[in-house]
Amino acid sequence: MTTHQENDVTPRIPAAQQAHATPQSPTVTATAPAAVPALSRRGLLLGAAAALAAGPLAATAAHAATTPAARAATPVTAAARTPKVLVIGLDGTMITRVKDSGAPNLAALMAGGLTAASSLYTNPMAGTSSGPGWSTIATGVWPDKHNVRDNNFTAPAFAAYPDFLTRAETANPALSTYVVASWAPIADTIYSGRVDTRVATPSAEYDTGTTARAVARLRDGDPDAVFVQLDNVDHAGHNSGSASRAYLDAIRGVDAQVGQILAAVRGRTGYAQEDWLVMVTADHGHTPTGGHGGSTWEERQTFVIANGSAFPAGSVRHDVRMVDIAPTALAHLGIAADPAWGLDGTAVPALVPDDFDALRPQLTGRVDETGIAAGVLGFTRTAPAGWSVDNSAMGTGGVTEWRGWSFTTDEFWTKAQRDQNRELNVRSRNVFAVADSDEWADRTFQGNYDSTLVSPEYPVAGRSSVPVVFNTFYRPEGVQTARVLAVWDGGTPVEVKSYTADTNGRQRLDLAVPAGASRLRLRFRYTGSNNWYWVVDGVRVG
């Protein structure tokens, strides 16, 4: 095992190709797996080919025994089967390039389940590097909570926000948990000593050894939850860039290793009595020429592939984030997330789209913005059903896309202007509402920015109080204001919340219902003049 640092200059590669740090023995807690002969890349490829020859992978791996045909063919019901979780992390892998590569095992997992591409934060929240990425995936919270900002792990908050396997062990110590990783800090630092077995693969074995150890544990043991990390795609990204043939070849190579791991799951003697959830993800992307850590769209890429009984074949979602992996795994194991944990993620089957998400089919391309490619569809100023935008006090001119509250996506909004902290809007999902006086002022304008987002009316009759929850991302400057107002039965708006400092998180307002009131409408009013912005998303009332 080698503890090695990852950055845009020094890639993480096998010892046979580049020296890491001082070699050490593999890090193992509890019972380590028995010694496994090293598997060659050719052997792994042949094994994957054999697995494919046995039948389409889309109906195997975790999804096989959960299809209607499979359920009809066996008396074992889903309720009777034992839940199991396998999470596979593919370092530095981009889902767009997975599709370009024609990787058969990953393609089959996508065809048999859910695919959800999403994006990351950047500095000052954290760099697009492995430490923050794998910590976010493991804990289910963003870097501003787990406090891993780079690969140094200077002051991680893992005691407050532990990894999902530690939470599983705490809830049910009888569970068997296992971690094996080619990048040592995952096993050494991110996952805690509560996990039954943690292995940092010796650098001489690299992904071949990680795959062999995972295969052995899945085939010969009885794990309930397993995390596996494979590293070589990131190595290819550093050396050759994500636009290269070498990067595609590395994806196909790791795909063969994924196939070996899935074959070990399918080959288990008790497989028919088990309900496997398989999730595949990545910690960050890569620039076309190689490297990551910065704020380009390519570096900010990640994804979730989820294959199991809860996920319809061939489904695609835009509201799933990397923080959802941990709570999804726990929910599958029968462990409900405690609100006191402060997770940012939600079990994917429990995610409910909000009103703004319904706008995705009508999003259009740029009008005045120049930094956004013409083919990127990502904004509309038309509110969803029941909502409206009051621009009666709004100035004139300015950039069309941001003239008053608009509805947009992370890709469109962040590409309007990089490195002004828009990338930190990680708690919004899919389509969200934004008032951006900074971007609006990039063309000639007159007057001030003064726009109000108006909600539908919500019934509150007979209630003494009503909760209002929403996600917000607010960046203040100068004289701008952000105010939430309540309108009871069409009366005079009453301020219930105002923001004066940077705010990024889930908000809850418990509003006292006036005597006799039956209807509540919310107004989100933002004012400014070439200041910053306010984002609102996921509004729920009652």
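Trainee: Trp134, buried or exposed?
Mentor: Buried, because its relative accessibility is 2%. Keep in mind that this is a predicted model.

Trainee: Which ring does Trp134 pair with?
Mentor: Phe227. The two form an edge-to-face aromatic pair, 5.9 Å centre to centre, with 75° between the planes.

Trainee: Where do Trp134 and Phe227 sit in the chain?
Mentor: Trp134 is in helix H5, residues 130–139. Phe227 is in strand E6, residues 225–230. They are 93 residues apart, so the pair links distant parts of the chain. Phe227 counts as buried, at 1% relative accessibility.

Trainee: And Phe473 with Tyr533: how far apart are the ring centres?
Mentor: Their centres are 5.6 Å apart. The planes are at 45°, so this pair is tilted. Phe473 belongs to strand E17 and Tyr533 to strand E22, 60 residues apart.

Trainee: Are those two buried or exposed?
Mentor: Buried. Phe473 has a relative accessible area of 5%, and Tyr533 is at 0%.

Trainee: How do strands E17 and E22 run, parallel or antiparallel?
Mentor: Antiparallel. Seven bridges join E17, residues 465–475, to E22, residues 533–541. As one example, Val469 has Arg540 in E22 as its bridge partner.

Trainee: What sheet are they in?
Mentor: An open sheet of six strands, with antiparallel pairing. The order is E10-E13-E14-E22-E17-E20.

Trainee: Which strands are at the edges?
Mentor: E10, 379–380, and E20, 503–512. Each pairs on one side only.

Trainee: Back to rings. Which residues form an aromatic cluster?
Mentor: Trp405, Phe470, Tyr474, Tyr499, Phe524 and Trp534 form one.

Trainee: New topic, helices. At what angle do H10 and H11 pack?
Mentor: About 175°, with their axes 9 Å apart. H10 covers residues 232–240 and H11 covers 245–266. Angles over 145 degrees count as roughly antiparallel, so H10 is roughly antiparallel to H11.

Trainee: Which residues meet there?
Mentor: From H10, Asn232, Val233, Ala236, Gly237 and Ser240. From H11, Ala246, Tyr247, Ala250, Ile251 and Val254. By class, the contact has seven nonpolar, three polar and no charged residues.

Trainee: Last one. Where is Thr328?
Mentor: In helix H12, residues 325–332. Thr328 is buried, with a relative accessible area of 3%.

Trainee: What is Thr328 in contact with?
Mentor: Leaving aside neighbours within four places in sequence, Thr328 is in contact with Leu277, Met279, Phe311, Thr346, Ala347, Val348 and Pro349.

Conventions
Residues are numbered from 1 along each chain as its sequence is written. This is a predicted model: local features need pLDDT of at least 70, side-chain atom pairs count only at pLDDT 80 or more; totals for chains, interfaces and linings use all residues. Side-chain values use heavy atoms; hydrogens and water are left out. Axes are lines fitted to C-alpha atoms, for helices over the stretch in contact, and angles run from 0 to 180 degrees between N-to-C directions. Helices (H or I, at least four residues) and strands (E, at least two) are DSSP runs, numbered from the N terminus. Angles under 35 degrees count as roughly parallel, over 145 as roughly antiparallel, 65 to 115 as roughly perpendicular and the rest as oblique. Contact means heavy atoms within 4.5 Å. Ala, Val, Leu, Ile, Met, Phe, Trp, Tyr, Cys and Pro count as nonpolar, Asp, Glu, Lys and Arg as charged, and the others, Gly among them, as polar. Two strands pair if DSSP finds at least two bridges between them. Buried means under 20% relative accessible area, exposed over 50%, partly exposed in between (1.4 Å probe, protein chains only). Rings of Phe, Tyr and Trp (its six-membered ring) pair if their centres lie within 6.5 Å; planes under 30 degrees apart count as stacked, over 60 as edge-to-face and the rest as tilted.
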